[in-house]
Amino acid sequence: MGSFAKAERLLARLQALGEVGALPGGGVCRLALSQADGAGRDLVCGWMRAAGLDVIVDGIGNIFGTRPGTQPGPSVMIGSHIDTVATGGIYDGNLGVLAGLEVVEALDDAGIATLKPITVAAFTNEEGARFAPDMLGSLVHVGGLDLGTALDIVSIDGARLGDELAAISYAGTAPLGAIRAAAYLEYHIEQGPVLEAEGTDIGVVEGVQGISWTEVTLSGRSSHAGATPMRLRHDAGLAAARIAAGVGEIVRGIGGDMVGTVGSLKLSPGLVNVIAEKAVLTVDLRHPDEATLRQAEAKLAALIATVAAAETVTASTRTLARFEPVAFDKALVGSVEATARALGLSTRRLYSGAGHDAQMLARTCPAAMIFVPSVDGLSHNVRELTQPGDIANGLDVLATLALDLAGRANAAVVGISRANAATGETTDSNANLKES
Ligand code: GLV
Ligand code: MN
Ligand code: MN
């Protein structure tokens, strides 16, 4: 059982977008606001315009392409991101944006007008790998961070966000929050192993766990690796290693769903025979429960103080990102589940381990997510893969639910002009939404 949407066109576009910033051995590098991100944006905006969408770009570079409804008012928004980590796959984020595009094109093909507009959104810098925090574009969109502060964020390579946005010509003029959403849907790969392991078709996402990112800077003193007795050292490298190991102990000690990662560790001057005078490391802590996340943060702070004292180095910390756990709208989550089941797909409720733009949109409208299985549970890895059949399943759920939420304005009339589609005729939005 399918829907009116066409998975083949979506899969072809995923491959084509995956060519932009492609890495030699597979995978893709389109870090936020890099030249490759700019080229990817150009490709997606070109597709949006070719599909007849009204495309606008706001001051943080978020892209919105809207297919009008027959009635004015807020949109059903379908979105995600097209930036990637430096060693990313072609599905993370891209799937949600391109699936949104597929939904509106398929509605055109089927001659279906909707009551509400449908907006396809691509949010800036979801990954946070180059500019922290993650989910930045959607955070600014919902008013969670002011534009000026966001534009002044400096990347891991020393570039100012506002300058990089201008350099790729995506410093847009549309007012922030110009497109209001009646509901937000994000279709994403699971990025974890649960759905595949259980043989479940669709993950019904109940919420997103809390995220805490801390950058730790340790300052010691460089001296000779052979000539300096251990008791007289101020070794920032050793202190960093102890903190990294300690993060593992904290996280394993709390157990359950607690996860922690030291994903970046840089030593200066970084030479074999020189004691490091400086170390900068990042700590990513996540848990679905805010109190537990706070407990882990407190343990991390104590660990840093203890290690700094023991290794006679000074420590300072900077919060790169801090987002509390988010629960999605119960009714919309239920609709995702009911839609998938009506299509004959197996479902499972779960919490998202990864951060998503949906958690920001949830501040201003009902939001929900659709997950499909990741092969070997891999993501943020060039080997990231989701099988075509699974992509098609999720697309069917997205398309069916988006049409249900937007409301069918007409019987399927091929060739209907959107400009004069406002017949005023409405039908039951719960009517059979499958392709006839
Ligand atoms: C961002 O997508 C993250 O979860 O790290
Ligand atoms: Mn993503
Ligand atoms: Mn990601």
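**View 1. The manganese ion (ligand 3) and its protein donors in this predicted model.** The manganese ion (ligand 3) is held by D92 (OD), E127 (OE), E127 (OE) and H380 (NE2), at 2.1 to 2.4 Å. Donors here are N, O and S atoms within 2.8 Å of the metal (3.2 Å for Na, K and Ca), and water is not among the atoms, so sites may look incomplete. Read along the chain, the spacing is D-x34-E-x252-H. Helices (H or I, at least four residues) and strands (E, at least two) are DSSP runs, numbered from the N terminus. Both D92 and E127 are buried, where buried means under 20% relative accessible area, exposed over 50%, and partly exposed in between (1.4 Å probe, protein chains only).

**View 2. The manganese ion (ligand 2) and the bridging D92.** H81 comes out at a relative accessible area of 0%, and D92 at 5%.

**View 3. The largest nonpolar core, with 100 residues.** A nonpolar core is a set of buried Ala, Val, Leu, Ile, Met, Phe, Trp, Tyr and Cys residues joined through side-chain atoms within 4.5 Å. M77, V103, Y187 and F328 touch the most other members. Helix α3 (residues 94-110) gives the most to this core, ten residues. Domain 1 and domain 2 both give residues to this core, so it lies between them. Zoom in on V103 and, leaving aside its neighbours within four places in sequence, you find it in contact (heavy atoms within 4.5 Å) with F4, I78, L395, L398, A399 and A402. A second, separate core has 22 residues, including I243, V251, L281 and A296.

**View 4. Where domain 1 meets domain 2.** The chain splits into domain 1 (7-208 + 326-433) and domain 2 (210-323), with bounds from an automatic or database domain assignment. Their centres, taken over C-alpha atoms, are 35 Å apart. The contact takes 15 residues from domain 1 and eight from domain 2. Between them the domains bury about 750 Å², 64% of it on carbon and sulfur atoms; buried area is the accessible area (1.4 Å probe) that two parts lose on being put together, summed over both. Zero salt bridges are found across this interface.

**View 5. Salt bridges, with R322 and E290 as one pair.** A salt bridge is a side-chain nitrogen of Lys or Arg within 4 Å of a carboxyl oxygen of Asp or Glu, and the whole structure has 22. R322 and E290 meet at 2.8 Å, N to O. R322 is in strand β10 (residues 314-323) and E290 in helix α9 (residues 290-310), 32 residues apart. R322 is partly exposed at 26%, whereas E290 is buried at 15%. Another pair is R383 and D376, with the closest N and O atoms 3.8 Å apart. Salt bridges that share partners join E290, R294, E297, R322 and E324 into one network.

**Notes for all views.** Residues are numbered from 1 along each chain as its sequence is written, with chains lettered from A and ligands numbered from 1 in the order written. In this predicted model local features need pLDDT of at least 70, side-chain atom pairs count only at pLDDT 80 or more, and totals for chains, interfaces and linings use all residues, while side-chain values use heavy atoms, with hydrogens and water left out.
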